[in-house]
Amino acid sequence: MSKTPTKAKAQAAPRGIRQTMSDLHIWTGLLAGWILYAMFLTGTVSYFREEISRYMRPELPAAQALPDAGQTAERVAASILRQAPGTPQMRITLPTPRNPTASAFWRLPADGQPGAEAGARRRRGGGAFGEGLFDAATAERLHARATTGGDFFFRFHFNLHYMPPLWGRWIAGLCAMFMLVAIVSGVITHKKIFIDFFTFRWGKGQRSWLDAHNALSVFGLPFHFMITWSGLITLMLMYMPWGLQSMAPPERAAVRAEMRSFIPPEQPAGRAAPLRPLADFVQQGEQRWGAGGVGAVQVNLAGDANARVIVTRQQAQRIATTPHYLVFDGTTGQMLQAKDASGPAATTQGVLYGLHLGRFADIVTRWLYFLVSLAGTAMVGTGLVLWTVKRRARLPDPDRPYFGFRLVERLNIAAIAGLSLGMAGMLWANRLLPLEMAQRAAWEVHAVFILWAAALAWALLRPAKRAWVELLWLAAAALALLPLLTALTTERPFWRSLMDGDWVFAGMELSLLALAALHAALAWRTQRHQPRQRPARKAADAPRRPAPVAPASVTPTPAEPVPALATLPAGESA
Amino acid sequence: MTPAWHLLMFTLCLGAFAALALGMERPQETLLQRPLGVAASRAWRLAGWGLLAAALWLALAAPGWTRGLVALSGHTSAAAALVLLALVLRERWGATR
């Protein structure tokens with residue numbers, strides 16, 4: 001690692017693969033970094049999407065012992081049929097330990113018929129449908145505040161927002177492809193990936209940031225590669241549709257049926273025939289797949305002679321997302337179709353998609369998913385900050401950086417600190433918005449972006465370091481005060497959650513406090529950070545004086561080497 | 001996979017990365033203030049890889065081996081991070097003594 005004349009010769013030599021990979025890594029990382037950071041953070045919290053949703057619906061009861069799945073299905077179906085007797089299709093999602101409430105949606109009969117609901121939602125493509133949450137034991141309709149819950153973060157992660165989902169998925173996919181390039185180029189560029197495995201140099205400015213970025217990247221490398229590639233595979237039919245497009249529609253439908261279940265209703269026979277008890281069908285599912293093996297029950301044309309009951313397997317039982325279901329004749333009880341296998345291509349896609357979603361994970365594995373994903377988020381964040389730290393040292397005039405530097409610096413603040421603020425803001429809106437407000441769920445989401453935009457404005461108006469510190473402290477406060485806000489505005493204060501052993505609420509609030517502490521620590525360190533003195537700055541001051549006097553006293557004497565303006569020792573190429 | 005399985009898995013991974021660290025020069029400087037010989041370093045690294053092999057065996061022996069492998073991946077990441085954290089803290093707090 002010595003700066004000898006051979007280094008000068010090496011610089012004249014053609015750029016090696018490590019250097020080109022480094023350039024590629026920096027470009028792809030930078031261009032996609034801000035969106036990738038948002039995708040990573042919202043994806044990370046999505047591993048606890050159900051828990052976040054419950055936290056945002058404090059009116060729902062805390063978890064209790066789950067009653068028999070078959071009984072639950074029957075009671076919920078009966079409840080739906082009382083409200084919408086002629087419904088052609090209803091789907092009941094059975095309660096699980098993570099989500100102990102039954103939910104359902106059902107297609108409403110045409111307007112004017114009994115059961116048509118005023119103000120029912122309309123699906124794109126026509127057809128109104130009703131939806132609701134049901135108590136698992138009594139099938140009583142539960143009412144909770146209007147909110148999208150954790151589902152917002154999950155959907156934002158691949159759809160983004162304020163744009164057609166297709167656009168969002170294309171942007172997310174492009175960023176994911178950039179990420180894949182960044183991962184591979186990053187590994188190639190990281191020369192001493194094994195030797196430097198446990199290297200971390202504290203308090204060394206740029207090198208510390210680089211070490212942090214490397215550690216976060218390398219330790220989580222299996223996850224980061226898996227999550228990026230599987231994310232692209234999830235939407236592979238969108239990004240590479242030509243194989244499917246080359247098929248005729250019936251074959252296309254058959255391919256899709258290998259990947260997702262979709263069983264539309266038959267034509268109604270017009271003859272009434274009683275539906276067999278749903279508990280029988282659920283029991284057959286549990287016989288086949290084990291206790292808790294049934295995830296959902298769909299009933300087509302209840303009360304008609306052509307009724308069908310489709311029993312779908314619980315996703316948490318398996319990794320692959322390929323469809324496993326049983327189709328029964330609803331009136332005779334005969335099993336018409338059993339799907340529990342898909343072809344190798346669909347299974348491969350299903351396993352990769354399943355690994356991405358992590359729905360199979362037990363609580364420990366889920367926490368590992370969350371923590372390593374959080375490390376991935378920090379990997380992207382440290383990469384973005386590293387870009388500015390590295391170049392700040394090389395700025396000819398640190399008070400007047402070039403436009404690109406200013407842009408990256410401000411976008412970093414908004415993308416990183418601003419996002420934390422926005423996400424915490426959604427929880428604040430969840431607690432504070434009036435329950436009867438129109439468009440309440442939409443306004444909770446607007447709150448995220450309003451705060452995020454405000455953070456961007458703050459980042460543009462304030463000096464960069466102050467903006468970082470102020471926004472990080474604000475985010476820390478917003479997170480830390482949520483338990484208090486919950487205690488003041490809901491019936492679920494943290495002391496009751498702890499005493500009752502309600503680990504969804506208690507766990508959420510402890511995690512919020514931990515994240516608040518993390519933001520506070522970052523704010524504190526940033527606040528206390530003093531850039532190292534660079535004596536060469538005095539030479540740079542000279543041109544700014546009005547009189548073009550060459551102050552001989554401040555030019556570095558030949559005996560002093562020009563201080564390291566971040567010329568990297570040979571061997572460090574990032 | 002029971003909590004006990006997870007605990008055993010994490011312990012194996014933690015031991016593995018601690019052993020691997022002890023087989024590398026920079027961590028040896030941090031922890032022992034002197035580099036160990038080539039033979040000792042190789043022995044530590046062998047022990048580390050051996051423990052990782054044991055962790056792999058435990059993953060495959062789990063009731064669902066695919067879930068076991070996923071858990072293994074998570075535990076190795078977490079264990080490596082913890083070993084690094086310990087090294088960093090040792091260096092920071094050791095230096096002030």
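Two strands pair if DSSP finds at least two bridges between them, and strands themselves are DSSP runs of E with at least two residues, just as helices are runs of H or I with at least four, both numbered from the N terminus. With that in hand, strand 2 of chain A pairs with strand 4 (residues 128-134) of chain A in the antiparallel sense, over six bridges.

Before going further, a word on what you are looking at: this is a predicted model, in which local features need pLDDT of at least 70, side-chain atom pairs count only at pLDDT 80 or more, and totals for chains, interfaces and linings use all residues. Residues are numbered from 1 along each chain as its sequence is written, chains are lettered from A and ligands numbered from 1 in the order in which they are written, and side-chain values use heavy atoms, with hydrogens and water left out.

Let us stay with strand 2 of chain A, which spans residues 102-107. Its covered face carries Ala102(A), Ala104(A) and Trp106(A), while Ser103(A), Phe105(A) and Arg107(A) make up the uncovered face. Ser103(A), from the uncovered face, stands opposite Leu133(A) in strand 4 of chain A. Strand 2 of chain A also runs antiparallel to strand 1 (residues 89-93) of chain A, and four bridges join the two. There, Trp106(A) is the bridge partner of Met90(A).

Strand 4 of chain A leads on to a loop that ends at strand 5 (141-142), and in this loop you will find Ala139(A). Ala139(A) has a positive phi of about 60° although it is not a glycine. Most residues other than glycine have a negative phi. Is Ala139(A) buried or exposed? Ala139(A) has a relative accessible area of 7%, so it counts as buried (buried means under 20% relative accessible area, exposed over 50%, and partly exposed in between, with a 1.4 Å probe and protein chains only).

Further along chain A comes a hairpin, made by strand 8 and strand 9 with five residues between them. Strand 8 covers residues 325-329 and strand 9 covers residues 335-339, and they pair in the antiparallel sense over four bridges. Tyr325(A) stands opposite Lys339(A) of strand 9. In the turn, Gly333(A) has a positive phi of about 85°.

Val181(A) counts as partly exposed because its relative accessibility is 34%. Leaving aside neighbours within four places in sequence, Val181(A) is in contact (heavy atoms within 4.5 Å) with Leu24(A) and Thr28(A). By way of scale, the C-alpha atoms of Val181(A) and Asp502(A) are separated by 43 Å, the two residues being 321 apart along the chain.

Now turn to chain B, which has four helices and zero strands, giving the pattern α-α-α-α along the sequence. Its C-alpha atoms fill a box of roughly 45 × 30 × 15 Å, taken along the principal axes. Chain B has 97 residues, of which 39% count as buried. Among its contacts between residues at least 6 apart in sequence, 70% join residues at least 24 apart. Gln33(B), in the loop between helix 2 and helix 3 (38-61) of chain B, also has a positive phi of about 60° without being a glycine. At 54% relative accessibility, Gln33(B) is exposed.

Finally, how do the chains meet? Here 24 residues of chain B are in contact with 24 residues of chain A. The two chains bury about 2000 Å² between them, 69% of it on carbon and sulfur atoms (buried area is the accessible area, with a 1.4 Å probe, that two parts lose on being put together, summed over both). Arg26(B), Arg67(B) and Leu84(B) supply 28% of the area that chain B buries against chain A, more than any other three residues.

Arg26(B) also forms a salt bridge with Asp196(A), with the closest N and O atoms 3.0 Å apart (a salt bridge is a side-chain nitrogen of Lys or Arg within 4 Å of a carboxyl oxygen of Asp or Glu). The count between the chains is one salt bridge. On the chain B side, helix 1 (3-22), helix 2 (25-32) and helix 4 (65-96) each supply at least two of the touching residues. Helix 4 gives the most, with 16 residues.
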